[in-house]
2 protein chains.
Amino acid sequence: MLLEAIYHQPKSQYAYAYNEETLHIRVRTKRHDMDRVSVVWGDKYDFSPEKVTTTRMVVFAQDDLFDYYHVAIKPPFRRFAYAFKFETEDQTVFLNEVGFTKDKLSSSGVGMLWSPSGMFEFPYLNPIDVHSTPDWVKDAVFYQIFPERFANGDPSISPKEVEAWTPDAVPTATNFFGGDLQGVIDNLDYLVDLGITCIYFTPFFEAHSNHKYDTIDYLKVDPQFGDNNTAKKLVKEAHRKGIKIMLDAVFNHSGYYFPPFQDVLLNGEKSRFKEWFHIKSFPVSTNPLNYDTFGFVPEMPKLDTEHPEVKAYLLEVARYWVEDIGVDGWRLDVANEIDHQFWREFRHTVKKANPEAYILGETWHNSMAWLVGDQFDAVMNYPVTNSILDFFVKDEIDAASFMGRLDAMQIAYPKQANEVAFNLLDSHDTPRLLTIAEGNKARMKLAVLFQLTYSGAPCIYYGDEIGMAGGADPGCRKPMIWEKEHQDLDILAFYKKMIQLRKDHRSLKDGTFRFLSAEKDKKIIAYERTDVMDRFIIILNSDNQKQKVTLENISAGTFRNIDTDE
Amino acid sequence: MLLEAIYHQPKSQYAYAYNEETLHIRVRTKRHDMDRVSVVWGDKYDFSPEKVTTTRMVVFAQDDLFDYYHVAIKPPFRRFAYAFKFETEDQTVFLNEVGFTKDKLSSSGVGMLWSPSGMFEFPYLNPIDVHSTPDWVKDAVFYQIFPERFANGDPSISPKEVEAWTPDAVPTATNFFGGDLQGVIDNLDYLVDLGITCIYFTPFFEAHSNHKYDTIDYLKVDPQFGDNNTAKKLVKEAHRKGIKIMLDAVFNHSGYYFPPFQDVLLNGEKSRFKEWFHIKSFPVSTNPLNYDTFGFVPEMPKLDTEHPEVKAYLLEVARYWVEDIGVDGWRLDVANEIDHQFWREFRHTVKKANPEAYILGETWHNSMAWLVGDQFDAVMNYPVTNSILDFFVKDEIDAASFMGRLDAMQIAYPKQANEVAFNLLDSHDTPRLLTIAEGNKARMKLAVLFQLTYSGAPCIYYGDEIGMAGGADPGCRKPMIWEKEHQDLDILAFYKKMIQLRKDHRSLKDGTFRFLSAEKDKKIIAYERTDVMDRFIIILNSDNQKQKVTLENISAGTFRNIDTDE
């Protein structure tokens, strides 16, 4: 028994409230080290021998080095003292807050070290602290729209220099094609038909660029896209058709032409906005750069989100679009560079306006510090994105490594955050999926199939579903192809079928996920998704040849090729 | 190299901002496993090979199984990408966010896995998120007063049934001796002479019991102790003499006679206060208990701190005593059973009234979830209490185990929380130190000497310094003995000397702490405390016989017996 491998931390992703009555307790051990792992638990104020319960835990995730055990427990008085019991054939070891002990529990079940003062504790399950995430996201299929490139519904407001919207149009860093919000309204039925239930828009607030990340006015739709009434109409029409709307909150930095920054450039130390940014000296200079920016980009001055006026302004933005316009969520750009205190107030503001609003952080790294219930609902699941691409699309890792990387994310966060994680395969910031797959449709389909049968909310980047290709920005930002003869209808049919399958089966949304096979040096995986209604066993072969897989404890049955129905 | 033993978690006690420019990075390895451990780091947006720095880490804590490495780094742009490098004689392994790799770094210093997207990150050091604790607490020597038992300064307000204040008085659960706030004011010079800089009062708000934990009115001094003007006078006089005041916030539950609870008892479902508590059914009943309480004590109904009115009331209490009366801190009773959200607002309220106020949680268990900067400054350090008692006083553990348990607390929390941790050896809830030591003054002195030369703020329970004895509550709550002939003046002199030593040397307050010797099966320890001015080497023998200790890399010198000056 390798004691050094065992890890538990109270009040963390290893011990948290899943809902108002349920605690999740987890512990890590060396892989394949234990025969049995249990939680020994009781009320912290009544830890008498006859009231202590021993509950067996199950392995819910595995990686190269570790097994991760999990159990759900409902303590009658919402408080809880506990220890772990590890068993192998010839050894029993207990772990409590003081450390390890090999002492056998006495026949009464409670020995010296088992006094509550030595136990781990979940001191009290207070409802307000539960990391509660919106239920609707579990059922959602997202569709990401880059508004300048989806559809032009109102040519009268298009930029003057607009280029022709053709299937072979070439996007550049600076050109315009005339997409707008009316274009989205006009095509809502297309999205309904595809099975979409929420649109994630990259920014549509006033800005100079075609991508609109250089915000000028956070409270105004860019005139090239329409006005705030168009936005309101879009939300209303979308809601009527069962589609929700999520916007992009670029609060880490403003654009260069944001009036307060322009005022600082103009008036320097005398500007009443000089404290809205992190200016190190005056006059403000872009070279050498003497103010904090996103990365080292002078055009994106970092906002001081600790400043009361900046905070008040941005929180009003957050409130306005949710409460007055009716949008259903915010995706938070560069979310992990803004202070935690701001996000706490942001959550309070947004959830007050709509308790069911979805708060999604763009973070590329471990995000546990934002997922404790007071800040984000979930994060963009880039580690899962990369794992899916590396295994199915780029063919760079084996099945064991794929499982290890995915399961590491299961233990990284509380379950309720993973249930509403945002699973994307590509975006306006990356090459398109089909391009990453070097045109290999079979590989693309495997990735999509996995995405649509994995836990968390899938997001489709506009046009992927009709086989659009394109390299890194700007290549991935071509205008949407609407002519059927230029669409890949086979891919479209595949997406529709997979989305429908997911919609028809709860188990594919929030059922238990478990790998059944993921061997070293193999390219084939099998996994199951189960709930009380269904049990799906899905086998995906990412090898170029036919492969055999042996599943233990699975009774014989017939498998169907989901693509060909054979 | 045991990979399973290595542990790091971004944005946790393993990676946090120590101040507005400094990050602390820590990692755990198997004990004595590594020759060298380093952090490889650079700016997250400029991670070019020539700009990556490798900084060696040092072991700052050890326990039975693990070494804990630490390093402080100041990233120029307040953001930071990093990985770890582990070296033994024949192996080099790197750990980044994706996992372990044995790939040698290329000569350029940066290989494939070293792209920032695979690195750990501290995304941004925002000042408001720094867990900032009050500097004065590092210099503080606390003195805990149980107000009914310290001194009777105004017999006119003593309870009618008051008993005689004699050295052989016997406290019971219900009797009274007449201690009050004027008694404390009258004896401030005694505390100044002892070297005290802050008084921690158990509750003095209106309540029926002698301990006053059954609050009736949180905004009013108990009439047996004086009135709010007496409190104000006490604070003013104490401040004039360089002594701060910390009060006890019993916010988890009210007393049975708290008017809102009485209203619920009387009016049941019609009470306008029925939602101030957690009542499960009406009418309210104590047997069977149908409302939530502290433990299973019907007389202590748990307050619903999520309810806006309760929150507003308690936050006003928090503000009033700090802002209007001038107290310097709050000790939070049963702190970990109240919701985190309440404590966030509590911190905001208290620090707004006095940014230097000390917020101290009473928690007996791992408290990391409250020490991330938005809730408590520090917690009562019971794990250290128990370790000191077990080693020096009860003679139950060996030196290695003592070191392991103390060092485990060093890695459990950020340094700034440990610097202002509240180190007590006994209290109104435990037997007195001398009684735990079964009258063995030498053992008591060792414990006190360690307490006063360890990191964190020491607290002396009233009367310990004059050799008062007493078992568990109520035995530990005897009236203070003021007659010199009944005081142990040897113990008093020892306390004064040790307090003065601590006051004279910064290094004993916030200097680096490091064990020099703590062997298995031995009862002798050596440790050093160092800063730029001083280097103390302290050797404490907890054995009943003389012992020899060998210190490596220490040049010869003369050691002095701190008690006898020999």
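Predicted model: local features only at pLDDT ≥ 70, side-chain atom pairs only at ≥ 80, totals over all residues.

Visitor: OK, rings with rings now. How many aromatic pairs are there over all chains?
Guide: The structure holds 117. Take A:Trp343 and A:Phe376 as one of them. Their ring centres are 5.5 Å apart and their planes are at 75°, so this pair is edge-to-face.

Visitor: Where in the chain are those two?
Guide: They belong to distant parts, 33 residues apart. A:Trp343 is in helix H6 of chain A, residues 340-353. A:Phe376 is in the loop between strand E17 (358-361) and strand E18 (378-379) of chain A.

Visitor: Is A:Trp343 buried or exposed?
Guide: A:Trp343 is buried, and A:Phe376 is too.

Visitor: How are the rings of A:Tyr454 and A:Phe513 placed?
Guide: Their centres are 4.9 Å apart. The planes are at 85°, so that pair is edge-to-face. This pair also links distant parts of the chain, 59 residues apart. A:Tyr454 is in the loop between helix H11 (441-453) and strand E20 (457-461) of chain A, while A:Phe513 is in strand E21, residues 512-518. Both A:Tyr454 and A:Phe513 are buried.

Visitor: Switching topic. What does a search for cavities of 30 Å³ or more find?
Guide: One cavity in the whole structure. The largest cavity has a volume of about 30 Å³.

Visitor: Which residues line the largest cavity?
Guide: A:Thr363, A:His365, A:Ser367, A:Val379, A:Met380, A:Asn381, A:Pro383, A:Met409 and A:Tyr413.

Visitor: What classes are in that lining?
Guide: Five residues are nonpolar and four are polar. None is charged.

Visitor: Now helices. Why is helix H7 of chain A said to be largely enclosed?
Guide: Because ten of its twelve residues are buried. Helix H7 covers residues 382-393. The buried ones include A:Tyr382, A:Ile388, A:Asp390 and A:Phe392.

Visitor: What follows H7 in chain A?
Guide: A:Asp395, with a positive phi near 60°.

Visitor: And how many residues of helix H7 in chain B are buried?
Guide: Ten of the twelve, so that helix is largely enclosed by the rest of the structure. Among them are B:Val384, B:Ser387, B:Leu389 and B:Phe391. Just after this helix, B:Asp395 takes a positive phi of about 60°.

Visitor: Staying in chain B, where is B:Leu360?
Guide: In strand E17, residues 358-361. B:Leu360 is buried, at 0% relative accessible area.

Visitor: How far is B:Leu360 from B:Asp333?
Guide: In sequence, 27 residues. In space, 9.1 Å, C-alpha to C-alpha.

Visitor: Last bit, the big picture. How many helices and strands does chain A have?
Guide: Chain A has 13 helices and 23 strands. Its radius of gyration is 26 Å, close to the 24 Å from the globule rule for 566 residues, so chain A is as compact as a globular protein of that length.

Visitor: What does the C-alpha trace of chain A span?
Guide: About 85 × 65 × 45 Å along its principal axes. Of the 566 residues in chain A, 62% count as buried.

Key: Residues numbered from 1 in each chain as written. Chains lettered and ligands numbered in written order. Heavy atoms only, no water. Phe/Tyr/Trp six-rings, centres within 6.5 Å; stacked < 30°, edge-to-face > 60°. Helix = DSSP H or I, 4+ residues; strand = E, 2+ residues; numbered from the N terminus. Buried < 20%, exposed > 50% of the residue type's maximum accessible area, 1.4 Å probe, protein only. 1 Å grid on protein atoms, 1.4 Å probe; cavity = no way out; pocket = protein on both sides within 12 Å on 5 of 7 lines; lining within 4 Å. Points joined across faces, edges and corners; volume = space filled by probe spheres on them. Nonpolar A, V, L, I, M, F, W, Y, C, P; charged D, E, K, R; others polar. Rg over C-alpha atoms; globule rule 2.2 N^0.38 Å.
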